[in-house]
Amino acid sequence: MKNSQSQSLILWRQVGGVAALQGAITLTWMLYRLYLPQLLAGFGFAGFDRGITILEDSLAIAIEPFAGWLSDKQRHWMGTRFPLIVVATILSSVIFMAIPAIFIFGNPVSPLRWIFPVVIVAWAIAMAMFRSPAVSLLGQYATQTQLPHAMSLLVLVGGLVGAARPVAGDFILSWGPAFAFALGSFVLLGAVAFLRSVNPDAAVSELPPDIAISGAVSIKALGLAALTGMAVAWGTRAMGERILPYVFQTQIVGVDAKLLMAGFTLGLAVSCLLAGAIAVRLGNQTTLLAGLVATAVLLLVMVLSQGFVMVVVTVLAVIFTNSFITTGAIPFALSLVPPHRGGLGVGFYFGGFSLGMSLYSMVFVAPLAVAAVTTAMVGAIAFLVAAVCVLAGDRLKLTPYVTN
């Protein structure tokens with residue numbers, strides 16, 4: 001009886017379907033980021049990649065919450081979020097394959113060449129339309145107390161894919177855009193097909209019949225979700241773009257920094273399994289708060305550390321503490337809203353994350369020119385802001401909507 005009850009707390013097959021889709025999303029974005037400078041340069045838009053990235057993040061600020069809200073509506077009307085996910089995924093796959101086709105067969109000296117960046121941005125919009133609805137499915141597949149455990153599988157799969165970028169970037173570029181983008185498209189379609197095969201409309205528990213989609217949602221809660229996403233984006237960007245490369249290049253001599261970055265990403269992905277289990281036992285709010293505060297402190301310690309042993313110990317500690325952030329942020333956003341508004345809560349978190357990425361790119365135009373200590377202070381403050389959001393969210397006490 002106990003085993004049966006434990007199994008009912010998480011629908012692992014469905015969580016696996018979302019994890020597969022998360023892995024496919026990570027793969028397609030990785031391929032896109034690797035090839036974007038080359039593709040733009042080939043059409044006479046060299047140096048436009050940074051501006052397009054900022055534009056994509058800016059558009060996602062509104063698209064992510066809208067897509068989450070729309071998926072909530074759709075689930076209320078049709079009993080499922082899946083049609084929106086399928087349509088947006090198919091559209092993304094088609095546009096993704098069209099990008100290298102335009103590059104190969106298009107005319108880079110024609111006035112119509114401006115179609116190329118438009119298609120690129122259209123693809124990013126299509127991708128933003130199904131991320132929030134897909135990730136919000138975790139609210140159906142796990143009870144609130146088990147959400148960090150379920151989220152750890154998504155982080156694991158995404159991390160395993162993402163760890164390939166630092167070490168396999170040149171190899172992937174050798175494939176050519178046609179093969180690489182076709183592969184990404186087919187993987188994306190395969191992932192959504194797999195999710196469809198495991199009954200994506202399943203749920204660990206039914207919502208009370210008297211809860212309507214028109215129920216009130218706290219503006220403060222949505223604001224906290226967005227601010228948390230923005231703060232986590234700043235802290236993560238500061239750590240991954242400036243602090244870790246600086247530490248690896250200056251303090252760990254003789255080892256390729258790209259290999260170390262891949263190891264860090266892989267370590268973070270694996271440690272999330274342990275972090276998820278700990279968060280289930282101690283409570284997500286507690287572990288997320290501890291992870292944010294500890295990571296903020298460790299960023300400063302890491303950038304000021306001297307000596308191989310001290311640096312290695314600090315980096316390993318950051319991997320462990322940061323794993324509580326990656327597994328706990330989405331469950332925190334889901335806890336801020338009633339279960340029938342999970343798409344909106346996740347959408348506001350991702351929208352805030354995109355806002356943070358966009359603002360960071362505009363503020364730090366040349367991130368490598370900024371002192372590593374200064375960047376560490378910025379990252380630490382960002383994580384502490386997110387910690388304040390967690391404390392404020394705990395006071396809202398919107399969690400009684402979910403039952404075990």
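**Note on the predicted model**

1. N199 is found in the loop between α9 (177-197) and α10. Phi of N199 is near 65°, a positive value in a residue other than glycine. Most residues other than glycine have a negative phi. The relative accessible area of N199 is 43%, so N199 is partly exposed.

2. R237 and E241 form the pair, with their closest N and O atoms 3.3 Å apart. The two residues are 4 residues apart in α10, about one turn of the helix. Is R237 buried or partly exposed, and on what value? At a relative accessibility of 18%, R237 counts as buried, because the cut-off for buried is under 20%. E241 has a relative accessible area of 27% and is therefore partly exposed.

3. The salt-bridge count for the structure comes to 4. Side chains of opposite charge can pair when their charged atoms come close. One of these bridges joins the side chains of E56 and R33, at 3.4 Å from N to O. Since E56 belongs to helix α3 and R33 to helix α2 (residues 12-42), this pair ties together parts that are 23 residues apart in sequence. E56 is buried, at a relative accessible area of 5%, while R33 is partly exposed, at 23%.

4. What else surrounds E56, once its neighbours within four places in sequence are left aside? On that basis E56 is in contact with W29, Y32, R33, I120 and A124.

5. The side chains of E64 and R131 meet at 2.8 Å, N to O. E64 lies in α3 and R131 in helix α5 (residues 115-136), so the bridge ties together parts that are 67 residues apart in sequence. Of the two partners, E64 counts as buried, because its relative accessibility is 2%. R131, at 22%, counts as partly exposed.

6. T374 has its place in helix α15 (residues 372-396). With a relative accessible area of 39%, T374 is partly exposed, whereas E56 is buried at 5%.

7. A search of the whole structure for aromatic pairs finds 21. In one of them, the rings of Y360 and F364 have their centres 4.5 Å apart and their planes at 35°, so the pair is tilted; stacked would need planes under 30 degrees apart. Y360 and F364 are both buried. A pair of aromatic rings is described by the distance of the centres and the angle of the planes.

8. How does the span of helix α14 (residues 342-363) compare with what its 22 residues should give? At 1.5 Å a residue they should span 32 Å, and the end C-alpha atoms are 31 Å apart, which agrees. The helix is mostly covered, with 17 of its 22 residues buried.

9. On the surface, V293, V297, V301, M310 and L384 form a nonpolar patch. Together these residues have about 360 Å² of accessible area. Which element supplies the largest share of the patch? Helix α12 (residues 284-304) does, with 3 residues. V293 has its place in α12. Its relative accessible area is 34%, so V293 is partly exposed; membership of a patch requires over 30%.

Methods: Residues numbered from 1 in each chain as written. Predicted model: local features only at pLDDT ≥ 70, side-chain atom pairs only at ≥ 80, totals over all residues. Heavy atoms only, no water. Patch = residues over 30% accessible without salt bridge, like charges linked within 9 Å, V, L, I, M, F, W, Y side chains within 5 Å. Areas by Shrake-Rupley, 256 points an atom, 1.4 Å probe, with all protein chains shown as cover. Buried < 20%, exposed > 50% of the residue type's maximum accessible area, 1.4 Å probe, protein only. Expected span 1.5 Å × (residues − 1). Contact = heavy atoms within 4.5 Å. Phe/Tyr/Trp six-rings, centres within 6.5 Å; stacked < 30°, edge-to-face > 60°.
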